[in-house]
Every structure is written in structure tokens, then in C-alpha cells.
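Hi,

Here is the structure I promised to pass on. Have a look at it first, and then read on for what turned up in it.

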Amino acid sequence: MKKVMVLLLTCMVLLAACSSGGKDKEQAASGGGDSKSKEITIWAWDPKFNIAALDIAKEAYNAKHPDVKVNIVEFAQADIIQKLNTGLNSGTTKGLPNVVLIEDYRAQSFLQAYPDSFTDLSGKIKADDFAEYKIGPTSYNGKQYGVPFDTGVAGLYVRKDYIEQAGYKLEDLQNMDWKQYIELGKKVKEKTGKNIISLDPNDLGILRMMIQSAGSWYLKSDGTTPDLKDNAALKEAFSLYKELMEANIVKVNADWSQFIASINNGDVATVPTGNWITPSVKAEASQAGKWAILPMPKLPATPNSVHATNLGGSSWYVMNIPGSDTAADFLAETFGSNADMYQTLLTKVGAIGTLKEAAKGEAYTQPDDFFGGQHTVSDFAKWTSEIPKVNYGTSTYAIEDILVVEMQNYLNGKSLDQVLSDAQSQAEAQIK
């Protein structure tokens, strides 16, 4: 009898060991053995920007936590979106990263659809430590899921020589609205033969900048209800876009390379866009000293429009898989609070973060010789704090696909009221 009992106990121990071993292998494939695993994997795109920023963060974190292995994996942004959707739709976390970078315009589509798949970081970072406008896309149902990263704060990049040839001074452009901008464009075209701006008809980023300056978006504040037909800021933006096009002061481009060429070849007098364009502008060294960066124009007929807006930007998220505690700690100690690290991010990568404390650092106050000694980063940091907070919601790109078509209808003679009414109906049918 004793021999039988010993044999049974031995079998039970072996079975438990086998079961444990299988579980350990499964957890290892997901990134770690438990929530405090000492190995984490991070997904991001763009080797010269986001990946480079991660390398700096990894070095800073490992200086204090040499026992933690941080794996950085580069994918194209489209591939990250596809892989996240595939994994989360299937209900399995196998193969997903511990930390993932998500563009702010897309964040709510994941947070609202899969809130349990992301870690609540409310206890790890303080939302008040970041620019207010970044909290809209990175939070959901009162919980802070994202660690805000870079700002897409926009500025009006201006060729000083063209402006002066047209009879203007930089001071004249400091508090412009978009109507005045169009008049400036006409004068510049008359005096220099240069267009005021380059636009891609399939990219309505300029509309995003216009309406966010007024605290408005394509969706209502709930982030799901389309707000097109009766959106006063959007209606004004559409009207201004048409004025721009009909004034014959726009150099139309078909893609990114043509857009950059219009800047570097000296074909346009201004570039109103996100600060991420700075390296591309500076790539043409022969134009050093000819550029300045001014506050963005505002909507003339919308009372609450300001000279600050945004285009782009992304944030970091922790997924609810083994290793989440370590991943959350990594973000909290780096992108979530390390103001000194942000000085390095700025000088080595050109990344302007949205951590308020970082803006007080020395790197943020340095003059830029290319822009005539202007303290460009200090200006961008100031404008970042003034960007109106909006909820980008779940369908920014889906709605913009509708608006691209309707904008062409508007340019071809369809009434503005009918354009926005039809766009509203299409959006309501598509977003359910």
C-alpha cells in the first residue's frame, strides 16, 4: 500500500512539473512569466525618430535596472495596427508586445474596443504633468492608459525673403487669421511668383489644424458621434480651403516627396504644419537664415479659435500581458517623468515631448542658427500648452476619407451645406 501511495505522489509531482513547464513556455512566448517579468518587448515605427527615442530611454532605464532586458522591435505603423487588430480580435495575447506606440488619432479606436487589453497607468503617471490636449486621446472612462510622447504642435514656417519682397515684416504675420493669410498669399504671388502653400488634395491635415484651433473635431466630445453638418468651425475651414484653391496661390502636390521638394526648391513662401517638418526644412542648408517660425493663423469667424493647434503625435501604451508591471515601470521612469532624458531626446532625435517639466530644460531654450537664432523649441513648447483639447475619437481617418471626396464636390460647385449634410449622413451610416 505504501508503495502504491509513493508511486501516486511521484506521478502527481511529475504531472505538476510538466504542467508548469508548459505554462512557462507559453508565458515566455508572450513576453514573460508574470506581470513582473524582467524582459519586455516594445513595438514602434520610424528608426530615426521613435526607435531612436526608445534606444535613449532603454539606456536611461538600464542604467538603474541592468537586470531588465528591453527588446525594441521596429515595424511600419500600418503593420503595427494590423498586428494589434488581428491579435485583439482573435482574443489571444500571444505574440503581442508589452509596450506599443499608437498614433493619437487612432488611440481611441483601440481603447474603446479593447479597454481590458491595456493597462491603466493612472497610478504610474500624473496626467497633469503633460500638455492638456494629449490627455483626450490617451485616456478613456476616467482612466489614463497612455503615456503622452511627442507633440505635433504646428507652426507657420515662413520664408522671410519672400515675405519682405511682398512688402511685409514678420511682425505683420504674428496674429494673422486665415483670411489675412490668403491675402498675404495673393500679394506674395504678385510680387515673387511664388505660391503661399503646397497642398495634397487627398490629405486634409490643414482642416484638422484649423478646426482643432477652435476646440472642434469631426466628432462630438463623446468621440463617436459625427459632428459635420452643424459644425461651424468645419464649415468655415471648408470655405477657407476653397478660397485658398480659387485664389491660385496653392502648389498642388501628389505625395510626400513632392511636398518636401516644394519646400527645399523654394517654391512656396510658407509651410503651416507640425513641428516634425523642421528636419526636412533644415535639410536644404543653403536656405539657412531665410526661415522663421511664427504662430499659426486662426479662424477669423470662430470666436474661440486660437493661434495654436496640432497635427500628428503619438503615445505609449502597456498591454495587459505578462510583464505589464515592468513595462509600466519602464514608461513611468522614462517617458513619464524623466525631464533630463527629454533634453537628450531633443538634442539627439529632435523629439519635442509633451512633459511640461521638460520644457524648463536647457535644450529647450537653445537658439537655432538655421532660423536666425530664433528660440524655436521654446516657442513650440509655449504653443503646445495652448493647444485646445479635443477627443479625436474612433473614426478620424474614416471620416476624412468621406470629406476628401466631398471637398472635391464642393470645389466643383456643390453647395457647402449639401456637402456637409451628405458627409454627415455617410458618416452616421458608416460609424455604428
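Before we start, one term: a residue is called buried when its relative accessible area is under 20%. Also keep in mind that this is a predicted model.

If you want to click through them, they are Gly205, Ile206, Leu207, Arg208, Met209, Met210, Ile211 and Gln212.

Three strands make up an open sheet, in the order 10-7-11, with antiparallel pairing. Which strands stand at the edges? They are strand 10 (270–274) and strand 11 (291–294); each has a single partner strand, so one side of each has no neighbour in the sheet. Going from one strand to the next, the twist averages 25°.

Strand 7 (residues 154–159) is joined to strand 10 by 5 bridges, and to strand 11 by 4 bridges. You can find some of the pairs yourself. Tyrosine 157 has valine 271 of strand 10 as its bridge partner, while leucine 156 is partnered by proline 272, also in strand 10. Towards strand 11, valine 158 sits opposite alanine 292.

Here is a handy bit of background: side chains in a regular strand alternate between the two faces of the sheet. So what happens on the two faces of strand 7? Both are covered: Ala154, Leu156 and Val158 are buried on one side, and Gly155, Tyr157 and Arg159 are buried on the other. Because 6 of the 6 residues of strand 7 are buried, the strand is largely enclosed by the rest of the structure.

Now for some helix packing. Two packed helices are described by the angle between their axes and the distance between those axes.

Take helix 15 (residues 396–411) and helix 16 to begin with: they pack at about 155°, with axes 10 Å apart. Angles over 145 degrees count as roughly antiparallel, which is why helix 15 and helix 16 get that description. The crossing of helix 15 past helix 16 is right-handed. On the helix 15 side, the contact is made by Ala398, Ile399, Ile402, Leu403, Glu406 and Tyr410. On the helix 16 side, the residues include Leu416, Val419, Asp422 and Ala423.

Helix 16 (residues 416–430) also packs with helix 9 (residues 232–246), at an angle of about 125° and with the axes 11 Å apart. Helix 9 and helix 16 are therefore oblique to each other. This crossing, too, is right-handed. Leu234, Lys235, Phe238 and Ser239 of helix 9 meet Leu416, Asp417, Val419 and Leu420 of helix 16.

Last stop: glutamine 108, which you'll find in helix 4 (residues 104–113). Is glutamine 108 buried or exposed? Its relative accessible area is 2%, so it counts as buried. The side chain of glutamine 108 reaches the backbone oxygen of proline 137 at 3.0 Å. Leaving out residues up to four places away in sequence, glutamine 108 touches Gly136, Pro137, Thr138, Ser139 and Tyr140, among others. Further along the chain, the residues it touches include Asn391, Gly393 and Thr394.

Note on methods
Residues are numbered from 1 along each chain as its sequence is written. This is a predicted model: local features need pLDDT of at least 70, side-chain atom pairs count only at pLDDT 80 or more; totals for chains, interfaces and linings use all residues. Side-chain values use heavy atoms; hydrogens and water are left out. Buried means under 20% relative accessible area, exposed over 50%, partly exposed in between (1.4 Å probe, protein chains only). A polar contact is a pair of N or O atoms within 3.5 Å; within protein, one must be able to donate a hydrogen and the other to accept it, and residues adjacent in sequence count only if both atoms are side-chain atoms. Contact means heavy atoms within 4.5 Å. Two strands pair if DSSP finds at least two bridges between them. Axes are lines fitted to C-alpha atoms, for helices over the stretch in contact, and angles run from 0 to 180 degrees between N-to-C directions. Angles under 35 degrees count as roughly parallel, over 145 as roughly antiparallel, 65 to 115 as roughly perpendicular and the rest as oblique. A crossing is left-handed if the near helix is turned anticlockwise from the far one by less than a right angle, and right-handed if clockwise.
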